[in-house]
Amino acid sequence: MKMNQSNQLDALDRHLLSLLQENCQLSVQQLAERTGSSGATCHRRVKAMEEAGYIERRVALLSHDRLKAAGVSVLHALVEVTLEPQTQENMARFEAASLAEPAVQQCWRTGSGPDFMLVLAVQDMPHYQQVAQRLFVQAHCVRNVRAFFATHRPKFSHALPLQAPQGTTH
(Lines give C-alpha, C1' and ligand atoms only; values in the text may rest on other atoms or scores of the structure.)
Protein backbone atom coordinates (compact mmCIF):
# COMPACT_ATOMS: atom_id res chain seq x y z
CA MET A 1 0.00 0.00 0.00
CA LYS A 2 1.33 3.41 -0.88
CA MET A 3 -0.93 5.93 0.87
CA ASN A 4 2.01 7.89 2.17
CA GLN A 5 5.51 7.10 3.37
CA SER A 6 4.58 6.26 6.98
CA ASN A 7 1.41 4.30 6.15
CA GLN A 8 -0.53 6.80 8.25
CA LEU A 9 -3.85 8.32 7.24
CA ASP A 10 -3.36 11.94 6.25
CA ALA A 11 -6.04 14.64 6.13
CA LEU A 12 -7.15 13.70 2.60
CA ASP A 13 -7.43 10.00 3.49
CA ARG A 14 -9.53 10.86 6.54
CA HIS A 15 -11.71 13.20 4.52
CA LEU A 16 -12.29 10.52 1.88
CA LEU A 17 -13.15 7.93 4.53
CA SER A 18 -15.55 10.34 6.24
CA LEU A 19 -17.33 11.01 2.95
CA LEU A 20 -17.50 7.32 2.06
CA GLN A 21 -18.89 6.24 5.41
CA GLU A 22 -21.74 8.72 4.93
CA ASN A 23 -22.38 7.66 1.32
CA CYS A 24 -20.31 4.90 -0.25
CA GLN A 25 -21.99 5.46 -3.61
CA LEU A 26 -20.21 8.76 -4.22
CA SER A 27 -18.39 8.68 -7.53
CA VAL A 28 -14.69 9.42 -7.81
CA GLN A 29 -15.63 12.74 -9.44
CA GLN A 30 -17.93 13.63 -6.51
CA LEU A 31 -15.18 12.72 -4.03
CA ALA A 32 -12.75 14.91 -5.96
CA GLU A 33 -15.15 17.86 -5.95
CA ARG A 34 -15.81 17.56 -2.22
CA THR A 35 -12.14 17.19 -1.26
CA GLY A 36 -10.62 19.63 -3.74
CA SER A 37 -8.44 16.87 -5.18
CA SER A 38 -8.19 15.29 -8.60
CA GLY A 39 -10.24 12.27 -9.59
CA ALA A 40 -7.07 10.26 -10.16
CA THR A 41 -5.79 11.07 -6.67
CA CYS A 42 -9.09 10.12 -5.05
CA HIS A 43 -9.31 6.89 -7.04
CA ARG A 44 -5.75 5.91 -6.11
CA ARG A 45 -6.23 6.76 -2.42
CA VAL A 46 -9.54 4.92 -2.08
CA LYS A 47 -8.15 1.86 -3.87
CA ALA A 48 -5.09 1.86 -1.58
CA MET A 49 -7.27 2.12 1.54
CA GLU A 50 -9.45 -0.75 0.30
CA GLU A 51 -6.40 -2.92 -0.35
CA ALA A 52 -4.94 -2.04 3.06
CA GLY A 53 -8.17 -3.05 4.80
CA TYR A 54 -9.25 0.37 6.03
CA ILE A 55 -12.46 -0.12 4.06
CA GLU A 56 -13.76 -3.56 5.01
CA ARG A 57 -16.89 -3.57 2.84
CA ARG A 58 -19.59 -1.35 1.44
CA VAL A 59 -23.13 -1.97 2.60
CA ALA A 60 -26.67 -0.62 2.29
CA LEU A 61 -28.41 0.70 5.41
CA LEU A 62 -32.08 -0.15 5.45
CA SER A 63 -34.82 2.15 6.73
CA HIS A 64 -36.55 0.64 9.73
CA ASP A 65 -39.51 2.98 9.26
CA ARG A 66 -40.00 1.95 5.62
CA LEU A 67 -39.61 -1.73 6.46
CA LYS A 68 -42.15 -1.42 9.27
CA ALA A 69 -44.59 0.31 6.92
CA ALA A 70 -44.07 -2.57 4.48
CA GLY A 71 -44.94 -5.12 7.16
CA VAL A 72 -41.42 -6.23 8.06
CA SER A 73 -41.05 -6.45 11.82
CA VAL A 74 -37.68 -5.84 13.48
CA LEU A 75 -37.17 -5.89 17.24
CA HIS A 76 -33.82 -4.74 18.63
CA ALA A 77 -32.43 -5.98 21.92
CA LEU A 78 -29.34 -4.72 23.71
CA VAL A 79 -28.09 -7.56 25.88
CA GLU A 80 -25.55 -7.68 28.69
CA VAL A 81 -23.97 -11.10 29.19
CA THR A 82 -21.80 -12.16 32.13
CA LEU A 83 -19.96 -15.49 32.05
CA GLU A 84 -18.85 -17.77 34.86
CA PRO A 85 -16.19 -18.81 35.16
CA GLN A 86 -14.60 -15.96 33.24
CA THR A 87 -11.90 -17.96 31.51
CA GLN A 88 -10.35 -17.21 28.14
CA GLU A 89 -11.77 -20.49 26.87
CA ASN A 90 -15.33 -19.53 27.88
CA MET A 91 -14.89 -16.03 26.45
CA ALA A 92 -13.69 -17.47 23.13
CA ARG A 93 -16.48 -20.07 23.08
CA PHE A 94 -19.21 -17.50 23.75
CA GLU A 95 -17.72 -15.06 21.24
CA ALA A 96 -17.65 -17.77 18.56
CA ALA A 97 -21.29 -18.67 19.26
CA SER A 98 -22.26 -14.98 19.02
CA LEU A 99 -20.43 -14.53 15.73
CA ALA A 100 -22.19 -17.57 14.28
CA GLU A 101 -25.66 -16.33 15.32
CA PRO A 102 -27.33 -14.38 12.47
CA ALA A 103 -29.47 -12.33 14.90
CA VAL A 104 -26.33 -10.82 16.49
CA GLN A 105 -25.62 -7.53 14.73
CA GLN A 106 -22.85 -6.44 17.09
CA CYS A 107 -20.79 -8.26 19.69
CA TRP A 108 -18.55 -6.30 22.07
CA ARG A 109 -16.26 -7.67 24.77
CA THR A 110 -16.41 -5.22 27.64
CA GLY A 111 -14.58 -4.49 30.85
CA SER A 112 -15.73 -3.42 34.33
CA GLY A 113 -19.27 -4.69 33.98
CA PRO A 114 -20.71 -7.47 31.88
CA ASP A 115 -18.32 -9.55 29.79
CA PHE A 116 -20.21 -8.93 26.54
CA MET A 117 -22.68 -6.47 25.09
CA LEU A 118 -24.71 -7.73 22.15
CA VAL A 119 -27.03 -5.95 19.77
CA LEU A 120 -29.63 -8.35 18.42
CA ALA A 121 -32.14 -7.86 15.62
CA VAL A 122 -35.02 -10.33 15.69
CA GLN A 123 -38.49 -10.50 14.14
CA ASP A 124 -40.44 -10.75 17.38
CA MET A 125 -40.35 -12.04 20.97
CA PRO A 126 -40.68 -15.74 20.01
CA HIS A 127 -37.66 -15.31 17.72
CA TYR A 128 -35.77 -13.56 20.56
CA GLN A 129 -36.59 -16.50 22.86
CA GLN A 130 -35.18 -18.94 20.29
CA VAL A 131 -31.98 -16.92 20.02
CA ALA A 132 -31.77 -16.62 23.82
CA GLN A 133 -32.17 -20.39 24.14
CA ARG A 134 -29.27 -20.99 21.73
CA LEU A 135 -26.93 -18.30 23.05
CA PHE A 136 -27.68 -18.00 26.74
CA VAL A 137 -29.25 -21.25 27.94
CA GLN A 138 -27.38 -23.85 25.91
CA ALA A 139 -24.07 -22.13 26.65
CA HIS A 140 -23.32 -23.48 30.13
CA CYS A 141 -20.88 -20.71 30.95
CA VAL A 142 -23.50 -17.89 30.95
CA ARG A 143 -24.17 -16.68 34.48
CA ASN A 144 -26.30 -13.59 33.91
CA VAL A 145 -28.22 -11.98 31.04
CA ARG A 146 -29.96 -8.60 31.03
CA ALA A 147 -31.90 -7.70 27.90
CA PHE A 148 -33.20 -4.25 27.04
CA PHE A 149 -35.66 -3.91 24.17
CA ALA A 150 -35.56 -0.80 22.02
CA THR A 151 -38.79 1.17 21.84
CA HIS A 152 -37.52 4.16 19.84
CA ARG A 153 -34.32 5.02 18.00
CA PRO A 154 -33.86 8.78 17.87
CA LYS A 155 -30.31 8.44 16.51
CA PHE A 156 -28.28 5.80 14.75
CA SER A 157 -24.89 6.33 13.20
CA HIS A 158 -22.23 4.01 11.95
CA ALA A 159 -19.76 6.80 11.18
CA LEU A 160 -16.47 6.88 13.05
CA PRO A 161 -15.06 10.29 14.05
CA LEU A 162 -12.10 10.62 11.69
CA GLN A 163 -11.75 14.36 11.34
CA ALA A 164 -11.10 16.96 14.03
CA PRO A 165 -14.27 18.87 14.99
CA GLN A 166 -14.57 22.31 13.43
CA GLY A 167 -12.93 25.02 15.48
CA THR A 168 -10.12 22.79 16.79
CA THR A 169 -6.55 22.99 15.63
CA HIS A 170 -4.63 19.71 15.65
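Student: Which residue is the bridge partner of alanine 77 in strand 3?

Tutor: Leucine 120 is the strand 3 partner of alanine 77. This is a predicted model, in which local features need pLDDT of at least 70, side-chain atom pairs count only at pLDDT 80 or more, and totals for chains, interfaces and linings use all residues. Numbering starts from 1 along each chain as its sequence is written, and side-chain values use heavy atoms, leaving out hydrogens and water.

Student: In what sense do strand 1 and strand 3 pair, and over how many bridges?

Tutor: Strands of a sheet pair through backbone hydrogen bonds, either parallel or antiparallel. Here strand 1 (residues 75-83) and strand 3 (residues 116-122) are antiparallel, with 7 bridges. Pairing takes at least two DSSP bridges; strands (E, at least two residues) and helices (H or I, at least four) are DSSP runs numbered from the N terminus.

Student: What is the strand order of the sheet?

Tutor: The order is 2-3-1-4, in an open sheet of 4 strands with antiparallel pairing. Strand 2 (104-109) and strand 4 (142-149) form the edges, each pairing on one side only. On average, neighbouring strands of this sheet are turned by 20° against each other, direction ignored.

Student: Which strands does helix 5 lie across?

Tutor: Helix 5 (residues 88-100) lies across strand 1, strand 2, strand 3 and strand 4, at about 165° to strand 2. Angles run from 0 to 180 degrees between N-to-C directions of lines fitted to C-alpha atoms, for helices over the stretch in contact (heavy atoms within 4.5 Å).

Student: At what angle does helix 6 run to strand 3?

Tutor: Helix 6 (residues 125-137) runs at about 145° to strand 3, and lies across strand 1, strand 2, strand 3 and strand 4.
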